[in-house]
Amino acid sequence: MERVCFLLVSELAERADVPLATVKYYLREGLLPAGETTGPRRAEYDARHLRRLRVLRLLREVGEVQVTSLRQIVDALDDDDLPVHDAMARIADVITARPDPGEQDPASLAMVDELFSVMGWDDIRPESVDRLRLASLVSALNGPGPLGASVEVLTFYAGVADHLARTEISLVDHSVERSRLLEDMVTGSVVYGQVFELLRQLGHEHHHARVVGSSTEESPVVPAG
């Protein structure tokens, strides 16, 4: 591993572009491993610390992960006895800033599980927080108002998501050390999740402008009188 020698905590904060007070907080809370003591009030940090600090920054600033959730993420990252897949499942439950799913509508949960069956997603945990959140969204869609959700509609979105997820997982380099593998997967999920959402919104802007423009060209305004 590349080593950054004689890097003081202030230099570590500067390189990671994280406030010094935040770095010290992460060190106190054990979210960032302690440095190697090299003298009174002096510690040495390396590339591992710099990488973890950048991961924490992305989780907070891009993923808007709550500080209280960082502990669960770091515990999963650093538990060498926890299989990688199990670690990612635990992290997935806390990585988003979405609200608690609350009480679940049995009909909406049944629709979600039917969707999983149609998609062949038979490895989804029943206790997955994202499963419960999806059911909450289905409940909202099928409540009063013009929107609605069905297995057919959800299958379309799941098909797009399945293609994206399958491709992303295929690109993961499982040959790297466990900590780096998990950090790459976590930060990739957070950052590229935001990239995808922004691209989707930009696509809406582009295609809606085309639709509006086409309607205007086909239906010119006729002056009154």
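## Helix contacts, a hairpin and selected residues

Tyrosine 25 is found in helix 2, which covers residues 20–29. The structure described here is a predicted model. With a relative accessibility of 30%, tyrosine 25 counts as partly exposed, because the partly exposed class lies between the buried limit of under 20% and the exposed limit of over 50%. Setting aside residues up to four places away in sequence, tyrosine 25 touches Leu31 and Val67.

### Three other residues in helices

Arginine 178 has its place in helix 9, a helix that spans residues 178–218. Its relative accessible area is 16%, and arginine 178 is therefore buried. Apart from neighbours within four places in sequence, arginine 178 is in contact with Ala76, Leu77, Asp78, Asp79, Asp80, Leu82, Val84 and Ala87.

Valine 190 is also found in helix 9. It is buried, at 9% relative accessibility. Which residues does valine 190 touch, not counting those up to four places away in sequence? They are Leu58, Leu59, Val62, Gly63 and Ile95. For glycine 63 there is a distance as well: the C-alpha atoms of valine 190 and glycine 63 are separated by 5.4 Å, while the two residues are 127 residues apart along the chain.

Histidine 85 lies in helix 5, residues 84–92. Is histidine 85 buried or exposed? At 59% relative accessibility, histidine 85 counts as exposed, because exposed means over 50%. Between the C-alpha atoms of histidine 85 and valine 195 the separation is 24 Å, and these residues are 110 residues apart along the chain.

### How helices cross

| Helix pair | Axes come within | Crossing angle |
|---|---|---|
| Helix 6 (residues 106–119) and helix 8 (residues 151–170) | 10 Å | roughly 50° |
| Helix 6 and helix 7 (residues 129–141) | 8 Å | roughly 120° |
| Helix 1 and helix 3 | 10 Å | roughly 50° |

For helix 6 and helix 8, the axes cross at roughly 50°. That angle makes helix 6 oblique to helix 8. Helix 6 passes helix 8 in a right-handed crossing. On the side of helix 6, the contact is made by Met111, Glu114, Leu115, Val118 and Met119. On the side of helix 8, the contact residues are Val151, Leu154, Thr155, Ala158, Gly159 and Asp162. Sorted by class, the contact of helix 6 with helix 8 has 7 nonpolar, 2 polar and 2 charged residues.

Helix 6 also meets helix 7, and their crossing is right-handed. From helix 6, the residues in this contact are Ser108, Leu109, Met111, Val112, Asp113, Leu115 and Phe116. From helix 7, they are Arg131, Leu132, Leu134, Ala135, Val138 and Ser139. How many residues of the contact of helix 6 with helix 7 are nonpolar, polar and charged? The contact divides into 9 nonpolar, 2 polar and 2 charged residues. Met111 and Leu115 of helix 6 belong to the contact with helix 8 and also to the contact with helix 7.

Helix 1 and helix 3 have axes that cross at roughly 50°. These two helices are therefore oblique to each other. Their crossing is right-handed. Leu12, Arg15 and Ala16 in helix 1 meet His49, Leu50, Leu53, Arg54 and Arg57 in helix 3. By class, the contact of helix 1 with helix 3 has 4 nonpolar, 1 polar and 3 charged residues.

### A hairpin and positive phi angles

Strand 1, residues 36–39, pairs with strand 2, residues 42–44, in the antiparallel sense over 3 bridges. Within this pairing, glutamate 36 stands opposite glutamate 44 in strand 2. The hairpin of strand 1 and strand 2 has 2 residues between the strands, and arginine 41 takes a positive phi near 60° in this hairpin.

Two loop residues also have a positive phi. Where is aspartate 17 placed? Aspartate 17 is in the loop between helix 1 (9–16) and helix 2. Its phi is positive, about 60°, although aspartate 17 is not a glycine. Glutamate 64 is found in the loop between helix 3 (47–61) and helix 4 (67–78). Glutamate 64 is not a glycine either, and has a positive phi of about 55°.

Notes
Residues are numbered from 1 along each chain as its sequence is written. This is a predicted model: local features need pLDDT of at least 70, side-chain atom pairs count only at pLDDT 80 or more; totals for chains, interfaces and linings use all residues. Side-chain values use heavy atoms; hydrogens and water are left out. Two strands pair if DSSP finds at least two bridges between them. Helices (H or I, at least four residues) and strands (E, at least two) are DSSP runs, numbered from the N terminus. Axes are lines fitted to C-alpha atoms, for helices over the stretch in contact, and angles run from 0 to 180 degrees between N-to-C directions. Angles under 35 degrees count as roughly parallel, over 145 as roughly antiparallel, 65 to 115 as roughly perpendicular and the rest as oblique. A crossing is left-handed if the near helix is turned anticlockwise from the far one by less than a right angle, and right-handed if clockwise. Contact means heavy atoms within 4.5 Å. Ala, Val, Leu, Ile, Met, Phe, Trp, Tyr, Cys and Pro count as nonpolar, Asp, Glu, Lys and Arg as charged, and the others, Gly among them, as polar. Buried means under 20% relative accessible area, exposed over 50%, partly exposed in between (1.4 Å probe, protein chains only).
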